[in-house]
Amino acid sequence: MTRASIRFAPLIALALAALSPLLLPTYQVAVITYVMIAAVACLGLVLMTGIAGMVSFGQAAFVGLGAYVSGYLSSQLGWPAWIGLACAVVAATFAAGLIGAITVRMSGHYLALATLCFGISFYFLVGNSEMLGRFNGLTGIAPVSIAGLELSSERQTYYLVLVMLVLVIAWCRQLLSSRTGRVLRSLRTGPVIAETFGANAHHYRLMAFVLAAVIGAIAGWLYAHVQRFLSPTPFGLTASIDYLFMTVIGGSGQLWGALLGAGLVTIIKHELQGLLKFVFGPTTRLELLVFAAIMIVVLQKARKGLWPFLEQRFAPHIAPVADIEPAMLPCRCAKPEHGLTVLSASHLRRSFGGLVAVDDISFDVKSGEILGILGPNGAGKSTLFNLISGVLSRSKGELSFLGSPLSKVSARDMCRRGLSRTFQHAALVQDMTVLENVAIGATHLGRRGLFASSLRLDRAEERQLLGWSMHLLDRVGLADKAFELAGNLSLGHQRLVEIARALAAAPDLLLLDEPAAGLRTNEKAVLSDLLVELRAEGLAIVLVEHDMDFVFGLANRLMVMNFGRRIAFGRPEEVRADTGVQEAYLGVAA
Amino acid sequence: MNTDVAMILLQDGLVSGAIYILLATALVLVFSVTRVIFVPQGDLVAFTALTLSAFEAGERPGTIWIVTFAAGIAVSLEMVEAARWRDRARALQSLLRFGLVPAVVILAALFLVPKTAPLVWKMAVSAGLITCLGPLIYRIVFQPMAAASPLVLLIAAIAAHLGLNSIGLHAFGPEGVRTEGFSGAPLALFGMIVTPQAAGVLASSVVVVAALYLFFRFPLRGRALLAAAHNRRGAEIVGISTVAAGRTVFVLAGLAAAISGLLIGPTTTLYYDSGFILGLKGFVGAIVGGMAVYPLAAAGALLVGTVESFASFWASAYRDVVVFLLIIPVLFWRSVSVLAPEDGLE
Amino acid sequence: MTALLQIERFSVRYGRLLAVKDVSLEAHAGEVTTVIGPNGAGKTSLVNAIMGLVPFEGSLAFPAWPGASRSIEARIRARISLVPETRDLFGPMSVLDNLRLGAFALRREAGFDMASRLAEIFALFPRLAERRDQRADTLSGGERQMLALGRALMLRPSFLMLDEPSLGLAPMIVAEMFRIIQRLKDDGVSILLIEQNARAALRISDRAYVLENGAVHLAGKAGEIAADPRVIDAYLGGSMALADSGRQRVSGRR
């Protein structure tokens, strides 16, 4: 496929979707309407499960919440559907906010099970509620009307649902390409990236949870006013599982996957029943077996879901064309003057159970200085980094940053105070572009949030943040790769992207964990030049590295660690001459 | 509520708890070796009771056809693979493993179980049929996608559950069954009246969990299974086949399901679709135990059983809701107390 | 000289990424064959594919053991063993359990005696004997590498692949590691050594390959490779590193 045809594919699809009710029989129009409603519900799940990595077995409950709120208001109080929509959204926000406040701190299976518990409870509560018609259901729900025109025929509701689907997709796309969206997309790899760059991961997880619920409620609202009759059954656990099926089969990280999955699952379930009737008789339930078999085979052949599978077959990733001019940030603040102590640590200690990983470590680093840390694997260097950057809490010892003591630090605080870091194992979001990855670093420099990006009010700030990221990519020599997916880069290049991302946070102190590993000799020289330049600009840099030539060529001072202890600290030539270092580390008989 | 009622409820709770322990242990076992949340574990439990009840009625249970069908698929998959590698030895081995073993059990079920056969013999053949299903499901569903993410494996497990459910209705019909229990006079223990059935359930559960614990603690074979759980690549390079480890653990899971089914059969009426909620409660127990620690999973399962028993006394319509809502604080506590959670689904 | 391993037009692919391109390589009995190259050159992919851990394209043969290329189990039966770059120890299990599992494939073999095999390993690595009941994940970096090597040696391998055995170790331990490799070679174990530390690796090797960007850049006798100006320039040259001066003194002492 050519680039142009891919760009226009959504438009062509939309045109087809708009024309099809004129060509298809009513029954099929109705089926497609339900597919699209399911697709809306799945879009919520894509945000939560696919993008933010939280599995939910409760999506149908939120769909049901939206449906019952608007359905009740319409059938019992005679309120118009549009007010019902607003109420459904507000109710979903509150319910999800409340439930999410308890559950999003849970991880993995705990969260999945908790959503399942709420999902089941919703079903039973509605089924036993007199007000909502118990298991018999709620009837007499009015159709949606626009300027006096009631949308009640299959074709009319089709267009209503299509418009809402397009709006929700547009909203999600808008959101995912914003500052907020980049943080959401990083959550799937865990909370560390978000927290390292100043974003509260719990806050964002809660946001994903609420967004999923709100989008689910919109789907429920559509369902209530299209079907105009409600019973608890379509909102039970089975439905939640179906939504999860649709999302995973389509490709859980993909907006378009939701459409594909919803279509496929609904149509297969629908058609199989009719098909198998002829083979096994009218009472057969074997269609579920066949359905299960199809799902399993699809998962075995396309583990990431069908959309990525098809995309890889027919439309390999094409870098989007976007003009982003490298730009400096409107200067945040002046770097501290040369020679000022940026970080000082005294008697740091951290133990894990009985194992002391960092034991009584003291050191300081000044602006305009590179401090090298040497030591074998397992000597406690990475733990030390995690203590300084607030990823781990210390068992004992004092830390101060730019003169102010730090009592209890979190990674988030440290980023806002001006500390930035890279990781030993490159921690990039593989399916985001290089530029977007770098822009995550600048998260705490932006102000625009969810609402601004939903309404496209964040464009000016986005231009700035992306321009700044482009400028940093240029500095590490990867500007030409800005629109590649990070996962497609070589390991060495991924490390450089990490450095650019760390710089994007505009730090005063930069912690680099083995930045030269994976680089070739000439690339190391380029990196070395860059670090020298940054030092000259007044940045303080702490460097863990195994390549001794690299460290000795760069560092102003060196610290050698072994078994969690500091065995030497000083200027490189002093360390080199230190007998303790020679005995314990270099292996020279004293 | 007086003390007597409370004691009876407690006893009921402990009995269901003992069965959930077996389910939870099997789920933890399967998860730690293969990262699969084996949702169909509960279905296998229900199928065991349905199988035994068919034998008791002197009929041929539908399980025979399910096993035949599954073995057929597994053998064909194996043959295709062996042909691709031109590996005769493997072809022969798979014929034995996925063809001969189920065939022997099926023949036993077809010809050696007259209506008058003793209960123990019927139980053994039922258990044999169900145990066969474990590794067959592993071969067909999970082995081809061993490297997939836990989320995808979970979805596949749910799909497998749906499949079993639908085939279960076809094979067993919609009627519920209750199997014959151990008979005998009730015993008096510490001032409590204990039925032989309850005592049998508790004792069997303790024995099975202890046997599994010892198997993982001492013999090299058991250590090897754990090793495969800790580090797949490490296991592969010392010659512990992760495929074999997965198969072994599914045999154990099948066996545990069969034993649970034999134990639970006489205490409650089971339908072809009763398995899901059973499995879910075992899963809750396992989760409370952090999907890792066996004794804690057991405690979690007992908790679920007891809560359920008391909830059904007070508010039977909301029994399951109460169980699941009460679990949430426990989940919350477990989730924040587990350091470095590596059980992320993605 | 008999070839133990022959690979031809060998490629390893991850999705769209080609990690190893068209590599041809041979390892001979009784020799140390080394593959050097920068990190990310495809060395680990190469050795993992040779062990059968990742799929590959092209031909792979172990002429001495027909059928060994079929599966990992077949390789292990032929006593082909790998110490991976990531060590892949069983973290929560004891040192002793890790070593016992190293001989898992031999457990039913006639004449196999676990106790005496363990004693041999403990003689080679006395530190492991001291820590036999300690959990593997509480060991230091050097001890972990010794345990990974010890676990592989439990199999009594005839062909041993070592992936970056010196990675992340203190220079002192690195020297110790190379002494052990030399000793294994003297005992007649054929070795395929993957190293970034080119100087130390070339010193104990007979045959060497330089891998860059997934392809063989240079190949030949270790001595010739070490003398090649391009190799000196890219891998051996540069300033006198501290690590190296340390190691030279160590070898001088010996």
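The buried residues of helix α4(A) are covered by elements that include α3 (59-77), α5, β1 (144-146) and α9 (201-227) of chain A. This is a predicted model. In it, 35 residues of chain A are in contact with 39 residues of chain B.

**Helix α4 of chain A**
- Helix α4(A) comprises residues 81-103, 23 residues in number, and reaches 31 Å from its first C-alpha to its last, close to the 33 Å expected at 1.5 Å a residue.
- Its buried residues are Ala81(A), Gly84(A), Leu85(A), Ala88(A), Ala92(A), Ala95(A), Ala96(A), Ile99(A), Gly100(A) and Thr103(A).
- An α-helix has 3.6 residues a turn, so residues three or four places apart point the same way.

**Helix α11 of chain A**
- The end C-alpha atoms of α11(A), residues 255-280, are 37 Å apart; this agrees with the 38 Å that its 26 residues should span at 1.5 Å a residue.
- A kink of about 25 degrees is centred on Leu272(A).
- Among the buried residues of α11(A) are Leu255(A), Trp256(A), Leu259(A), Leu260(A), Val265(A) and Thr266(A).
- The cover over the buried residues of α11(A) includes α2 (26-51), α6 (154-176), α10 (237-250) and α13 (306-314) of chain A.
- Gly281(A) follows α11(A) and has a positive phi, near 90 degrees.

**Contact between chains A and B**
- Contact joins 35 residues of chain A with 39 residues of chain B.
- On the side of chain A that touches chain B, α5 (108-127), α10 and α12 (287-301) each supply at least two residues.
- Helix α5(A) gives the largest share of that side, ten residues.
- The residues of that side of chain A divide into 23 nonpolar, eight polar and four charged.

Notes: Residues are numbered from 1 along each chain as its sequence is written. Chains are lettered from A and ligands numbered from 1 in the order in which they are written. This is a predicted model: local features need pLDDT of at least 70, side-chain atom pairs count only at pLDDT 80 or more; totals for chains, interfaces and linings use all residues. Helices (H or I, at least four residues) and strands (E, at least two) are DSSP runs, numbered from the N terminus. The expected span of a helix is 1.5 Å times one less than its number of residues. The bend at a residue is the angle between axes fitted to the seven residues ending there and the seven starting there. A residue is buried if 20 or more other C-beta atoms lie within 10 Å of its own, exposed if 12 or fewer, and partly exposed in between; C-beta atoms are placed from the backbone. Two residues are in contact if their C-beta atoms, placed from the backbone, lie within 7 Å. Ala, Val, Leu, Ile, Met, Phe, Trp, Tyr, Cys and Pro count as nonpolar, Asp, Glu, Lys and Arg as charged, and the others, Gly among them, as polar.
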